[in-house]
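Welcome, and please take a moment to look over the model below. A short tour follows, one topic at a time.

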Amino acid sequence: MRLLPIALTYFLEVARTGSVSEAATELTVAPSAISRQIAKLEAGIGVPLFVRHPRGMVPTEAGTRLLDHVRRSEAESAVLVDELRTGRGLHARSLTVACSEGFARRVVPQAIAAFRRDHDVSFHIDVVTRDEATRRVLEGAADVAVTFATGPQHGVRVESAVVVPVYAIVPLDHPLTSRDAVGLAELCEHPLALPAPGQSLRDLFDIAARIENLTAHPVLECNELSPKYEFVRCGGGIALVGGLGDIEQDAATEGVAYVLLDNAVFRKREAQVQTMAGRTLSLAAMRFTTLLTSFVRPPVSRSALPD
């Protein structure tokens, strides 16, 4: 159920699809009706909201600002409708968390389990790419996202940002197992399992390799973590992962060793907890987001803890 005025509903769908005809199909209305409402909206505001191209429509600067406002309004409307239907107010509702795979393995489920000890809230986890996680928060499809990013993100509020060290995961009998850290040049001497180009970790790896004038030939490209862990356990080579939480516990659970990758380039990559900029979150979402930020922290090593 939508609480937005019809003109803003049409505007939102055209901005999402980039086309009046596609928006009309999604909304099951005539394209002419959408065109009239968009024209009326532009006339009322006094500025164009779209740049018309032969292959689609792109929001202008004014259109982008209006789009941010409409997305916030739609997200808050969805919260209100849910509360009105359940009659239970802000304390009991469902929350959607969008996250990349690395956070879905332990961090997000651990945070949800801890939250549910004190709150009657149900959850849905969407495991998506890092950019898709941000997009879902931006469009109101998720209440909160936790993902990796390498800089500011338009339209989202960064609730916390933590530089996460990058580790080489190696078999337990590997010569590097006893090392505290390894440099990129030495790492490139071994068979590597890396994410595909376009992933933040791979992009930073390629930048660091160019800076050091190194050539790497990965023997395995894979964006999912489970195959890479199995590849390493079977002695196929070395893989790279971001370290979160308790590294020693993870090493014992996964049957691998973690060796810190000592390279400044990888410090540009942050683990971010994101919400929609300007959106008023429900009480449950605010409390969960606060808790989640406490779980997204640099890795803990028991040997580094004080006695």
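Predicted model: local features only at pLDDT ≥ 70, side-chain atom pairs only at ≥ 80, totals over all residues.

## A strand residue and a helix pair

Let us begin with Ala 161, which sits in strand β6, a run covering residues 156-163. Leaving aside residues up to four places away in sequence, Ala 161 touches Glu 270, Ala 271 and Gln 272.

Now for the helices. Two packed helices are described by the angle between their axes and the distance between the axes. Helices α2 and α3 pack at about 115°, and their axes lie 8 Å apart. That angle makes α2 roughly perpendicular to α3. The crossing of the pair, α2 with α3, is right-handed.

Here is who meets whom:

| Helix | Span | Residues in the contact |
|---|---|---|
| α2 | residues 20-27 | Val 20, Ala 23, Ala 24, Leu 27 |
| α3 | residues 31-45 | Pro 31, Ile 34, Ser 35 |

By type, the residues of this contact of α2 with α3 comprise 6 nonpolar and 1 polar, with no charged ones.

How confident is the predictor? The mean pLDDT of the protein is 85, and 88% of its residues reach 70 or more. Over residues 302-307, however, pLDDT stays under 50. For that stretch, residues 302-307, the model has 5 contacts beyond four places in sequence.

Definitions and conventions
Residues numbered from 1 in each chain as written. Heavy atoms only, no water. Axes fitted to C-alpha atoms, helices over the stretch in contact; angles between N-to-C directions. Helix = DSSP H or I, 4+ residues; strand = E, 2+ residues; numbered from the N terminus. Parallel < 35°, antiparallel > 145°, perpendicular 65-115°, else oblique. Left-handed = near helix turned anticlockwise from the far one by under 90°. Contact = heavy atoms within 4.5 Å. Nonpolar A, V, L, I, M, F, W, Y, C, P; charged D, E, K, R; others polar. pLDDT = per-residue confidence, 0-100.
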